[in-house]
Amino acid sequence: MGMSVTISEATDTDAEQILKLQYLCYQSEAELYGDYSIEPLTQTLDSLRAELAEGTVLVARLGAEVVASVRGSVDASGTARIGKLIVHPRMQRHGLGGRLLAAVERRLGESGAARRFELFTGHRSESNLQLYRKHGYAPVSTRRVDDQLTVVTLAKDAAAEAYATSA
């Protein structure tokens, strides 16, 4: 490609690009479950800007273009929740999702407050499930939302991640 992808903290000026990328990336999920009213497709720009201000949002850039993003936050119990890991369809299957996942885990774990990492996906989202398992996540619960969707929550110990990155 000639340019390398860089990962950094998102800024407010990235909000529109992130929202457009999110809309593009979640089309396949909506089709998979037959539901185009899912929150990532209906989220407003103001709501996304609030997430930028309150949590950790990382972006991967190819030049000036945002080609991937992920969000996360750590709650009072030490659970780091990771969400909306998105990679532009043309950039998928090249390890970028895994790089971004590792980057947000490092960022959320820096303060030492994160005891465990948790994320979720739909039961039919096999590529997501494979990625998360490859990075040490294991299913911890399922919740049936409706006839079309069962949400799978996956987690891993943050201490195990610290050992993996320092080894």
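Seven strands make up an open sheet with mixed pairing, in the order E1-E2-E3-E4-E5-E7-E6; strands (E, at least two residues) and helices (H or I, at least four) are DSSP runs numbered from the N terminus. Two strands pair if DSSP finds at least two bridges between them. This is a predicted model, where local features need pLDDT of at least 70 and side-chain atom pairs count only at pLDDT 80 or more, while totals for chains, interfaces and linings use all residues. Residues are numbered from 1 along each chain as its sequence is written, and side-chain values use heavy atoms, with hydrogens and water left out.

At the edges sit E1 and E6, each pairing on one side only. From one strand to the next, the twist averages 25 degrees. E5 and E7 run antiparallel and are joined by 7 bridges, with Arg 116 standing opposite Asp 157 in E7.

Helix H5 (residues 96-109) packs on this sheet, and its direction makes about 155 degrees with that of E4. Angles run from 0 to 180 degrees between N-to-C directions, and axes are lines fitted to C-alpha atoms, for helices over the stretch in contact. Contact means heavy atoms within 4.5 Å. Here are some of the strands that H5 touches:

| Strand | Residues |
|---|---|
| E2 | residues 56-62 |
| E3 | residues 65-74 |
| E4 | residues 79-87 |

Now to a helix pair: H1 (residues 15-25) and H4 (residues 45-54) pack at about 115 degrees, their axes 10 Å apart. The contact involves Ala 15, Glu 16, Ile 18 and Leu 19 of H1, together with Leu 45, Leu 48, Arg 49 and Leu 52 of H4.
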